[in-house]
Amino acid sequence: MFQSFEVTSRPEQGPPRLAALRKQLRTDALDGFLVPRADAHQGEYVAPRDDRLKWLTGFTGSAGFCAALRDVAGVFIDGRYRTQVKAQVADVYTPVAWPEVSLADWLRTELPQGGVVGFDPWLHAAGQIEQLETALEGSGITLRRTDNLVDRIWEDQPAPPMNPAKVHPIDYAGESHGGKIARLAEGLRDKGRAAAVITLPDSLCWLLNIRGSDIARNPVVHGFAVLHAAGHVDLFVAPAKLEGLEAHLGQHVTIHAPEAFLAALANLSGAVLAEKATVPVAVADALGDKIVWGDDPCALPKARKNEAEINGSIAAHLRDGAALVEVLAWLDAQPAGSVTETQVVTQLETARRRDPALQEISFETIAGTGPNGAIMHYRVTEDTDSLLQDGHLLVLDSGGQYLDGTTDITRTIAIGTPPVEAKEAFTRVLNGLIAMSRLRWPQGLAGRDIEAVGRLPLWMAGQDFDHGLGHGVGAYLSVHEGPQRLSKLSTVPLSDGMILSIEPGYYREGAFGIRLENLAVVRPAGDMLGGDAHRAMLAWETLSFAPMDTRLIVPDLLSMDARDWLNAYHRDVAEKIGPQLSPVAKLWLDAATAPV
């Protein structure tokens with residue numbers, strides 16, 4: 001099993017660890033210390049060594065941070081984790097609704113006389129600290145760079161990951177790493193930049209056509225790189241990770257130990273491109289006035305998948321859909337009250353592992369039944385494992401990391417006879433997914449411009465959900481990929497080849513959760529009779545294929561257009577997935593995709 005159900009943190013561990021951290025505050029004459037959910041590479045996911053937020057507080061979510069002061073400690077979480085944090089942290093920690101309450105405002109309230117707050121310059125992006133310092137002007141609160149106080153007290157802190165990297169074949173990548181380096185270097189020269197600093201692991205792996213396993217569920221290698229405008233890359237990765245890759249990397253790439261990174265930055269000359277939102281303060285300090293702020297040069301090219309990457313994703317999703325349908329058919333045959341969440345997770349991983357192209361799951365499978373489904377990023381453990389009872393809804397959110405693509409799909413499943421209000425909410429969520437899936441929009445619009453389409457059916461009923469409508473997805477890379485998003489915050493225009501999730505939901509704490517998710521790729525929209533010939537339009541091509549649970553649909557809440565889309569989608573599911581299935585699952589799928 002890739003996934004375990006071990007309890008990895010307990011609330012009672014938090015108070016003594018916080019007390020030890022506060023002792024360090026007094027030793028260093030600090031009034032507080034910031035503990036982010038981040039590592040030196042500023043990716044969303046971290047290795048066990050870097051999971052300081054979980055170790056200190058017990059909170060296991062993939063976003064958030066702690067501001068630990070001498071007499072109060074705030075754990076800042078966004079809307080996805082408001083329910084989860086209550087069960088995971090002790091009462092010595094105060095959950096803070098973020099970003100509604102900003103860190104600067106909270107510090108002003110808790111340190112009215114001012115103070116000194118420490119931070120590790122490797123774990124905070126330059127833009128974050130700049131924004132915080134601006135917001136604290138006039139408060140008497142200053143920020144101080146320091147070594148990591150959590151590392152001082154974490155006696156059994158794991159070692160850094162040292163897993164070997166591997167070549168990502170060009171048949172899957174669609175472009176050689178030499179071609180990528182040349183293309184991006186030309187862009188640097190055109191803008192008068194001498195070099196660009198790359199700190200995000202998925203950018204580094206995409207650029208060099210390599211993959212790794214330094215972070216569970218994400219096939220990335222920890223390291224840093226400098227892309228030179230002359231068409232050469234200095235790569236700062238532990239050499240042991242790259243054994244056997246020298247011929248692949250070739251003359252374009254020079255390998256250095258990570259410890260040489262800061263000195264190499266100091267020796268650069270000319271204008272150096274760096275991304276303020278992701279480059280650590282320590283890197284910005286080393287570059288000094290050579291920095292020219294801009295976007296990571298790999299971000300958009302990586303997001304705009306080429307035809308080889310898109311075709312690989314299509315193939316991976318068809319096999320992944322077949323594995324999911326086998327499990328849905330099995331689950332439907334089990335009596336209510338006879339199956340647990342961990343059994344569902346195990347069945348699903350077992351089905352996926354029959355595919356030799358599977359390298360990992362793409363995240364910890366979320367299998368939340370009844371009240372657990374209302375915890376948006378629920379992770380089942382030995383302590384929380386629950387029976388799927390009559391009247392429950394099961395939120396099943398899962399995915400795989402295949403050599404040819406990354407998948408992420410969510411279905412909500414009726415267990416027995418669900419309550420009417422849950423069926424009504426399910427139908428609104430389904431209407432939102434369908435409305436977004438059917439959408440055509442003018443080229444140049446960003447996620448924030450169209451995201452409301454997927455929320456409108458819920459809004460009209462006075463309901464909503466506290467997460468974005470969708471995130472970018474990599475090509476056998478991170479399951480959460482930027483910069484593309486379907487979010488009210490996203491200003492990046494959607495463009496041909498970007499893969500995103502479409503995942504509206506609804507959550508009623510203590511009762512049930514609902515989420516439906518397909519992945520889709522942005523494609524040019526076909527011409528329409530009577531449409532503007534001069535206006536370029538975009539549309540979605542759906543990648544995920546598995547049936548929606550029609551037992552949860554309230555027919556009167558489904559429009560004729562939505563009904564037509566669903567029936568056409570289910571015909572596609574039957575045609576694309578059916579031939580891959582066992583006879584029993586094929587019979588089940590034929591019934592599950594019958595017209596509504």
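**Salt bridges in the predicted model**

Arginine 183 pairs with glutamate 175 in a salt bridge, with 2.7 Å between the closest N and O atoms. The term here covers a side-chain nitrogen of Lys or Arg within 4 Å of a carboxyl oxygen of Asp or Glu. Side chains of opposite charge can pair when their charged atoms come close. Arginine 183 itself is partly exposed, at 39% relative accessible area; that label sits between buried (under 20%) and exposed (over 50%), using a 1.4 Å probe and protein chains only.

Residues are numbered from 1 along each chain as its sequence is written, and side-chain values use heavy atoms, with hydrogens and water left out.

The structure holds 38 salt bridges. One of them joins arginine 80 to aspartate 78, at 2.8 Å from N to O. Here arginine 80 is buried, with 18% relative accessible area, and aspartate 78 is buried too, at 13%.

Then there is lysine 302, which forms a salt bridge with aspartate 202, the closest N and O atoms lying 3.3 Å apart. This pair ties together distant parts of the chain, 100 residues apart: lysine 302 sits in helix 13 (residues 299–303) and aspartate 202 in helix 9 (residues 201–208). Helices are DSSP runs of H or I with at least four residues, numbered from the N terminus. Lysine 302 is buried at 3% relative accessibility, and aspartate 202 is buried at 10%. Through shared partners, salt bridges join Asp202, Lys302, Lys305 and Glu481 into one network.

Methods: Predicted model: local features only at pLDDT ≥ 70, side-chain atom pairs only at ≥ 80, totals over all residues. Helix = DSSP H or I, 4+ residues; strand = E, 2+ residues; numbered from the N terminus.
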